Amino acid sequence: MAKDARMLHVGISKSLQVNNLPFPARLLFTWMIPHADDDGRLKGDPKYVKACVVPYTNWSPKNIKKYLEMMRDEGLIYYWQEKEEWFIEFVNWGKYQHIRS
């Protein structure tokens, strides 16, 4: 889990990629940001994402996987599997997140 604070750039509300997502996927996208590590990555198993990012929703892991795939299709995240483990990486992490020492 990230120890540093994360920022949301003002442009996120005007992003066509983000706004092409249904509202729950937009919320999930923005709420995943503080859970990413310093390189903009986090575990991508839908059950993990639900437990860490949106534990109080009634969204199923199946719906979360669908939202993650939509984000991937919009070019907002890389979403891939290696062996049995899923991963997420924010495409433009370095453009918007600057870690200060």
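Which strand holds glutamate 89? I looked, and glutamate 89 sits in strand E3. A reminder to myself: this is a predicted model.

**Entry 1: glutamate 89**

Next I checked its side chain, which makes a polar contact with the side chain of arginine 41 at 3.2 Å. Leaving out residues up to four places away in sequence, I found glutamate 89 touching Asp39, Gly40, Arg41, Leu76, Ile77, Tyr78 and Trp80.

**Entry 2: helix H3**

I moved on to H3, residues 46–53, where Pro46, Val49, Lys50 and Val53 are buried. These four lie on the same side of H3, because they cover an arc of only 100 degrees around the axis. On the other side of H3 I noted Lys47 and Ala51 as exposed. What do the buried residues of H3 pack against? My list has helix H2 (23–32), strand E1 (41–43), helix H4 (61–73), strand E2 (77–82) and strand E3 (85–90). I also looked at the start of H3, where a side-chain oxygen of aspartate 45 comes to within 2.8 Å of the backbone nitrogen of lysine 47.

**Entry 3: H2 and H4**

Last, I compared two helix axes: those of H2 and H4 come within 10 Å and cross at roughly 80 degrees. I therefore call H2 roughly perpendicular to H4. From H2, the contact uses Pro24, Ala25, Leu28, Phe29 and Met32, and from H4, Ile64, Tyr67, Leu68 and Met71. I sorted the residues of this contact into nine nonpolar, no polar and no charged.

Methods: Residues are numbered from 1 along each chain as its sequence is written. This is a predicted model: local features need pLDDT of at least 70, side-chain atom pairs count only at pLDDT 80 or more; totals for chains, interfaces and linings use all residues. Side-chain values use heavy atoms; hydrogens and water are left out. Buried means under 20% relative accessible area, exposed over 50%, partly exposed in between (1.4 Å probe, protein chains only). The arc is that of the directions from the helix axis to the C-beta atoms. Contact means heavy atoms within 4.5 Å. A polar contact is a pair of N or O atoms within 3.5 Å; within protein, one must be able to donate a hydrogen and the other to accept it, and residues adjacent in sequence count only if both atoms are side-chain atoms. Axes are lines fitted to C-alpha atoms, for helices over the stretch in contact, and angles run from 0 to 180 degrees between N-to-C directions. Angles under 35 degrees count as roughly parallel, over 145 as roughly antiparallel, 65 to 115 as roughly perpendicular and the rest as oblique. Ala, Val, Leu, Ile, Met, Phe, Trp, Tyr, Cys and Pro count as nonpolar, Asp, Glu, Lys and Arg as charged, and the others, Gly among them, as polar.
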